[in-house]
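Visitor: I'm new to this structure and would like a close look at just one part of it. Could you pick a spot and walk me through it?

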Amino acid sequence: GLGWRLSNKEIDRIVWLIEHDGALNGVRTFAWSRLPPLLIHEGIEDLLAIHEILSPDGPSEAAWCRAQLERPAEVLNPPYLASGDDLRAAGLRPGPIFKTLLQRIRDAQLDGQIHDKAEAIALAWRLVKDFDEKNQG
């Protein structure tokens, strides 16, 4: 062999880049909540560089993304409105649905649909109620 060794961190970065191949195609049309998880990832500069080279709209989309990266941290990665502990304290039963609830709360927060912990908890209860109603048929 070549004796070429990658660190776990380098492997993780390569895997993330492969998993997100094409993830920036049409980026200007995305709901805002789709962007911060990409933009705040430590691999974003590599992803932008690859996108610039490989995608037809790559140069303009990458430039647009770099402009978004200039936004303040409280816009790109604001503190979470609610945690799993908050959901438990509000009386919700822990389980696999918590991950989904927390992701939906985060998306709603980033998209400006909710603004505080009370609204986050209310959203979680609505989602659980909707889920329960759909799964009782």
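Guide: Let's start with the lining of the largest pocket, which by class has nine nonpolar, two polar and two charged residues. Keep in mind as you look around that this is a predicted model. The pocket has a volume of about 230 Å³. Its lining is made up of 13 residues, and Leu 92, Arg 93, Ile 97, Val 128 and Asp 132 are the ones nearest its centre. Helix 8 gives the largest share of that lining, with four residues, and helix 7 and helix 8 each supply at least two.

So how do those two helices sit together? Helix 7 covers residues 97-110 and helix 8 covers residues 117-134; they pack at an angle of about 130 degrees, with their axes 10 Å apart. Because of that angle, helix 7 counts as oblique to helix 8. The crossing of helix 7 past helix 8 is right-handed. On the helix 7 side, the contact is made by Ile 97, Leu 101, Arg 104, Ile 105 and Ala 108, while helix 8 brings Ala 120, Leu 123, Ala 124, Leu 127, Val 128 and Phe 131. Sorted by class, that contact has 10 nonpolar residues, one charged and no polar ones.

Helix 7 also turns up in another spot. The second largest pocket holds about 160 Å³ of space, and among the residues lining that pocket are Tyr 80, Leu 102, Arg 106 and Leu 110. Two or more of its lining residues come from helix 2 (35-39), and likewise from helix 7.

Key:
Residues are numbered from 1 along each chain as its sequence is written. This is a predicted model: local features need pLDDT of at least 70, side-chain atom pairs count only at pLDDT 80 or more; totals for chains, interfaces and linings use all residues. Side-chain values use heavy atoms; hydrogens and water are left out. Axes are lines fitted to C-alpha atoms, for helices over the stretch in contact, and angles run from 0 to 180 degrees between N-to-C directions. Angles under 35 degrees count as roughly parallel, over 145 as roughly antiparallel, 65 to 115 as roughly perpendicular and the rest as oblique. A crossing is left-handed if the near helix is turned anticlockwise from the far one by less than a right angle, and right-handed if clockwise. Contact means heavy atoms within 4.5 Å. Ala, Val, Leu, Ile, Met, Phe, Trp, Tyr, Cys and Pro count as nonpolar, Asp, Glu, Lys and Arg as charged, and the others, Gly among them, as polar. On a 1 Å grid over the protein atoms alone, a cavity is a set of points where a 1.4 Å probe fits but cannot get out, and a pocket is an open set with protein on both sides within 12 Å along at least five of seven lines; lining residues have an atom within 4 Å of a point. Grid points are joined across faces, edges and corners, and a volume is the space filled by probe spheres set on the points.
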